[in-house]
Structure formats: structure tokens, C-alpha cells
Amino acid sequence: MLSFILRRVSIAIPTLLVLLIISFWLMQTAPGGPFNSERPLPPQVLANIEAKYGLDQPMWKQMVDYLKGIITQFDFGPSYKYKDRSVNDIIAQGFPVTLHYGLISFMLAIVIGGALGIAAAIRQNSWLDYFAVGITIGAQVLPNFVMAPILILVFTLWLGWLPGGGWNGGQWDHVIMPVIALSTSYMASIARLTRSSMLEVLRSNFIRTARAKGLPDRVIIWRHALKPTILPVVSYLGPAFVGMVTGSFIIDSIFSTGGVGYFYVNAAFNRDYAVMMGLTFLLGSMTILFNMVVDILYAWIDPKIRL
Amino acid sequence: MNVSTKSILLASALALASPALAAAPEGVALADDQTFTYRVLDEHSSVDPQIVEDVSGSEIVRDLFEGLYNQDADGNLVPGVALSHTVSDDKLTYTFTLRPEAKWSDGNPVTAHDFVYGWQRLADPETASPYQWYVEVMGLANAGSVMAGEAPLEELGVRAIDDHTLEVTLEKPMTYFPLTTTHASTFPSPKWVIDEHGADWIKPGNIVSNGAYVLTEHVPQERSVRERNPMYWDNENTVIEKVSALVINDENVALTRFLAGELDRTEVPAGQYPALKEEYPDTALSFPRLCNYYFNFNLSENGPEATQDVRVRKALSYAVNRDIIVENVLQGGQSPAYTFTPAATAGFEQPATDYSTWTQEERNAKAVELLAEAGYGPDNPLSLTYLYNTSEAHKKVAIAVSQMWKQTLGVDITLENQEWQTFLETRGNHDFEIARGAWCGDYNEASTFLDLVQSSSGYNDAAYSNAEVDALLAEAKSMDDPQANYTRVEEIIAEEMPIIPIYHYAGVFMMNPAIVDSWPVQNVEQNWYSKDLYKVAQ
């Protein structure tokens, strides 16, 4: 097991490095720059600003300096657009926010999605199954950029129960709508995955054997069927987890939560290179980490993988 | 200086003598709740006066800091830290007398040295301010060489005679100089705080400011909050206790939250003004803004051959039915434009350009005639590409105009949109045929617009060059009444049509009726100060 983990880690580091280098190059070659505006800056002014941020250096030098800053001081540089803050500030402020609503969404998606999927599979073709399938299809086709404004319309304007946005330090009433809007489609995917996986497992030979032995349904489901059922779900959970805790552009921009999701997309539009790179690093390393965790979990659940 | 600018300065001179007025007029019943919460589209760039470059950041900076002069509800100059000023006979030296009671929020007095420091900091290449060029707009002596790092900061045309006397020296006479002192980048800076905290000095807890408010909270991309500064010299006449700017990217969500009572002010989404005005007549507001919207022809050598012909340019301009654009497409109280400079500009008498006096039928007839003369018609159809940056509102205008050109002139237009940064680069490289342009004035005087058509302007995307225009505009800088020059430049623009003026902006807002009375709707630059606002009891 240890050598398996070590092998995965040794691949992860070069992967991250390649990701950073490609992103850096892609970003720099995109047309425009962080200091373009409606009226172009006079050349002298632009030169001063570029010198301040080291953008007057050749690209390879910028890249090396940048990587050096990360490795030696864990410093991701300044934001070119939001000049009052560094990239470290933005991550320190925004990441706990997305982590907060992302973790709650993740839990909710697993618990409700998993339960719905299992229930639907056990009672296949019953009203419960049709209900679950109907709900999940509905939830999957309703994009969150449609759902979020509708939630605000209903809960803020019509009912007046919840504030229409903001974060307020993560006070519970500010968290509800972002969590609903974020978790719904994940919940639906988990439910559908669980349901189909469970149905397949329930039809397999070892379950038939268990039934033939006369084991009660409860024991069959929990002791024998559950573990093989969650295998495909687990492989989905890694990317889903990263997707949720690194936030969403839609959630952050519609609910003004201040999470990193908005900064990431906006940084690309603003050519805010350092913010863009810092968040790519964050998202990239989280994606690699959690894919690794999934692989390890997988190996633990299913010994065949380790071979 | 023309008559109206003169009257502005005269009015300000009078105001300088009168005692400070309370924000709320006597006899007005004030509401118990004096908090003002408004929506901003995006996170502000900075609250550092010498670094800030965006509108929403400048709004905050105007509350946190105070410069030499402020603007009143009509956009006239009123005393800020400066009580008054005198001008030398050669019009090169301005001497400002500063208010002795002005204090920073840490209790230190505001002195002329703080202004000198702030202005030097703005000009300093080390600061790398995106508004560094503003010292040249102000016409300060030696601005160019200081900006380039060739002369020491002390050579910049500003110095403190004593703690309360500031002397400014200009490169050459510029009659509207005092108007430039309301800009955020000219506000004083506390050297001792910047020395202590470095780049973190503008964070809540560190920041020391001399305006009516201090920054108490800032959660990026969520909110920033400013509260009363008890040290402010006019604190007892300030009414609003707390001002919150909430970042809400989606304008429709912002409208919903406004209607739910969470906001006192938000923008009206494009096209929704007539319906909102009908449903909420006291809440939906529209007033003129100091901004224009126009199309650039590409007159550089990269540009298409067809539009090098002035007849083609005129035909395309005449065939745009501006009334339809403002009344049916934008629907927010904008006004059709036949001049580059908005009519709302202070001291600017909008000249009646020839085509503005014609009916649209006459314009269309003339357009057809001109295009035929230029050799384009059914046998030789003209086709062009129009480039704009991706946005629903720009798209609507683009579609409407391309339809007008198609129907009236038979011109085929290909619409092309690009994401903002790509658009700026493409347009800046003159790699287009016709491209969208828009500009909001930096100060309330016609040159802030007309300077854009000077050959040397960095924002002259049309690459238009006319020696007469350049000479007229250069001369206007030091004239007492430059109106004749401005009129002539507008006439030349109408004759040569390097750009097509489309419309002049309106500010279209939903505003809490409690605060509407104190909102400076007459201030076309929309330079508002929270200290002048108040909420009346409903």
C-alpha cells in the first residue's frame, strides 16, 4: 500500500509543474494584458507598471521567478487588478468561504443523493423509484444559473425568509441558498449513479446466492451490496468534491459570497495573471490530491486495484 | 474660459465665502435609519487615492479622503480641505489656503505637506499608478520629466509654503485647472501611515483618512463598509452614519434584492426602465451622464478603402436612426448624439451640426445619394465588419444599426464580438473596419472628450488626424472662452465624420425614495459624496 501511495505522489508533482507551465504560457499568449483599459495607458506609465510587476522581463524569466516565489516563500504574487490585495490574501479570504459551502453541499449531496439512489434501486419500478428518477432528471437539467436567481426571487423577494446574497461570515441564513443551488445537480448525479450501480449489483450472482441462503434483505443490502455499489460513486466523488469546495463562478457571482470561484473566472477575463496562476495551483493541486485519495480509497475498498 | 465655466468658478468663489451647510436642509424630518447601502457591479480596484482607477473605487475614495475641492449637487466646486485659492497674473501659479481645522482620522492635522506627498506619490514612477498621467492632465510643471524618472520628485510643480498654504505651478496657463482637483488621484496621503504599513496601509484597521468616513470593513467580492469619521471637520453636519457597497455581479439579482429592500440604490437593467418607471414612479430615475457612445471608423492604413471616402462615412452616419436606438432599443432616457461632446458638459454649448437639424427622412435620402456618389449600390454592394465587445446591450445596438444600414443603404454588415481584453487589443492595433467606442469624462469640460480626436491621443482609435483640429484644441487650453474652438472642432467632426456619434448616456437607477431628494441628479459626472446625502422619514 505504501509503495502504491509513493508511486502516486511521485507522479503528482511533475503533473502539477506541467500544469503550471502550460497555464502560464497559455495565459501570456492570450491577447490583451492586465493593464489594458478603455483608454490605453501612455507608454511611460505602462512601462512603470510593467517594471513594478516584473512583466518587462522575458517570459521564461517571469516563469522561473514565479515558480521560485512559490517554492521558496509560498508567495503567489500581487493581484494586478485588485491592487489592495495579494493572491495569498485572495485565497486566504475566499477559499474558506468556498470550502464552507462546498463541504456542506458535498455532505448533503452524498447523504440525500445516496439515500435516494439506494431507495430507488431497492424499490425499482415503484412510485418511489419514479419519483426519485423524476426529481434527479429535473435537478440535473435545471442549471444552477437558472436555479439561483429563482431561489432569490422566491425566498428573498416573495417569502422574505432569506437574505438575497452576501456571506456575513458564513452565518447560516446566508449559506442555505448557495448550498441548495450548488448541491442539487451533484445530488442528482450521485442518486442516478448509486441507483444504476445498485441495480447492477443486485442482479449479480453473489447476491442471488445470498438470497438463496435466505439472508434477510437488510443484511444483503448493507453487508454485501453496498460496498460494490459505491465503487463507481467513489470515483465520481473525487472530482465532485474538488468541484464543490473550489467554488463555482455562478454561485459566487449570483450570491456574492466572496469565494474563489468568481475570482478564478474573472482573473481570466482581466488577464490578472498572478491570481489566475495562484488559483490554478490551488485547483490543480486539489484535483490531483483528491484523485489520489480516490485511488487510494478505491484500492482499499477493492483489493483488485492494488495489483 | 467660457461664460458658464466662469460662472462655475464664480459660484464656487461665492460658496467659498459662505459657511458650511448641513447636508439636510432645515425642516426636513430625517429617518431614524441613516445607513446607505448600494450595489456595485464588481470589486473595486483599490481605495488608495493614488492607485484607484475605477468608478466604484473612486466613489469610496471620495468618502474616505477629501481633496482641495469637492463638488456640490450641481457639480460646482465647493471648498474641501482648501478654503479658497488665488491665481497669479501670469496664470501659472495657484496658491491654495487650507482649512486649519481639517484632521486625519488619527487626529493629525491635514497639512499642505500631505498634498505635496500625495501628488508626488502619484507622479512617482515607483508608485506605478495607472493614473500617473493625471499629473499631465493637471498641467503641473515638470510633470513629464518627473513621470519619466528624469527629474526628482521635488521638481514637480507643487510645494508647501507652510502647513496651510499650498502652491501649485503649472507648465502653461490652463483655466480649468481648479476643476481637476476633485479627482481622487489628487487627494492627500498620510505619509507616516504608508511608511509604517507599506502596501497594507489601506486595509481596515491600518487606514488613516481625512474624509467624512473611515473604512471599517472590507470583504473582497462581497462588501466594503465605511462609517463616520468623528475627526472630520464637518462631522456634525454629516447625516449618513454608515455606507455599505455590496458587490452584486448580476444586475437582475441586484434588482430583485433592491425590491426586497436590501439596497437603497441599484442600476436598472437595460430595457427595463419603462416598465419599472410605470410600476415604481418615485423610485426609477434617469438623468444625463457625462459619457458618449460612438462608432470608430478605421482611418489608419489598415482600414478598409471604402471608409477612407468621407462620403461613405457620412452616408453610414446619416443612415443611423438615433431616435430608434434611444427610444426603442435602450429605453432608459439616453439622448441621441449628433456631436461628440455630450450636451450635459459644463459650459459647453452644443453646436447644431447640420445633420442634427434634418429629419431622418432627409438624412436617409442624403445618405443614399452620398453612397451612390461614392460608387456603391446594388451593382457594387458595400460590405463591412462591425466589431464590439461581448455584451447584450452592445449587441442590441449593433443589430439595430446593421439593420438600418441594410434597409436604407443596402450595406451588408458582419457583426463580430470579442471578449473585452481581446477587443481592446484588436481595436488598439487598428485591426478593425468599424469598432465600438465610448468615453466618460474625467472632468466636466469639453476637452475631456474632444482631446480624444487629437492626432496624438492614445484613445484615438479611428487614427484620425487633422492639423486644424489639433491646433484648435491646443489653443483652447489657455483660452478664456474656448467655445468657438470647440464648436469648430465639432463642425469638423460632422464634416469629416471620423466617428459616428450614436448616443449620450443616461444614469438609470432604482433609488430608495427616502434618499432621492438628496441624490445629486444634476451632477453629470455623478461625483457623489455620502456626507451630502440624507434619508427623509417616509
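**How chains A and B meet, and what lies inside them**

In this predicted model, 40 residues of chain B are in contact with 41 residues of chain A, where contact means that the C-beta atoms of two residues, placed from the backbone, lie within 7 Å. On the chain B side, the elements that give two or more residues are strand 10 (242–247), helix 7 (251–259) and helix 13 (420–428). Helices (H or I, at least four residues) and strands (E, at least two) are simply DSSP runs, numbered from the N terminus. Helix 13 of chain B gives the most to this side, with 6 residues. Sorted by class, the side of chain B that touches chain A has 20 nonpolar, 11 polar and 9 charged residues. Here Ala, Val, Leu, Ile, Met, Phe, Trp, Tyr, Cys and Pro count as nonpolar, Asp, Glu, Lys and Arg as charged, and the others, Gly among them, as polar.

A quick word on bookkeeping: residues are numbered from 1 along each chain as its sequence is written, while chains are lettered from A and ligands numbered from 1 in the order in which they are written. Local features need pLDDT of at least 70 and side-chain atom pairs count only at pLDDT 80 or more, whereas totals for chains, interfaces and linings use all residues.

Turning to chain A, an unreviewed UniProt entry puts "transmembrane region" at several stretches, including residues 175–194 and 233–255. UniProt positions are given in the numbering used here, feature names are shortened, and annotations may be inferred rather than shown by experiment. Residues 175–194 of chain A are 100% helix and 0% strand, with end C-alpha atoms 27 Å apart. For residues 233–255 of chain A, the figures are 87% helix, 0% strand and 29 Å. The unreviewed entry also places "domain: ABC transmembrane type-1" at residues 95–298 of chain A, a span that is 84% helix and 0% strand.

Two helices of chain A, helix 6 (residues 144–158) and helix 7 (residues 172–202), pack at an angle of about 145°, with their axes 10 Å apart. Axes are lines fitted to C-alpha atoms, for helices over the stretch in contact, and angles run from 0 to 180 degrees between N-to-C directions. Residues of helix 6 that take part include Leu151(A) and Phe155(A), and among those they meet in helix 7 are Ile180(A) and Thr184(A). This contact has 9 nonpolar, 3 polar and no charged residues.

Helix 2 (residues 43–52) of chain A has Val45(A), Leu46(A), Asn48(A) and Ile49(A) buried; a residue is buried if 20 or more other C-beta atoms lie within 10 Å of its own, exposed if 12 or fewer, and partly exposed in between. Seen down the axis of helix 2 of chain A, the buried residues fall within an arc of 160° (taken from the directions from the helix axis to the C-beta atoms), so they line one face of the helix. Gly54(A), with a positive phi near 75°, follows helix 2 of chain A.

Back in chain B, helix 9 (residues 310–318) is mostly covered, with 7 of its 9 residues buried. Those buried residues pack against strand 12 (284–297), helix 11 (360–373), helix 12 (392–409) and strand 17 (499–511) of chain B. Strand 12 of chain B also holds Tyr293(B), which is buried, with 22 other C-beta atoms within 10 Å. Leaving out residues up to four places away in sequence, Tyr293(B) touches Ala438(B), Ile502(B), Tyr503(B) and Tyr505(B).
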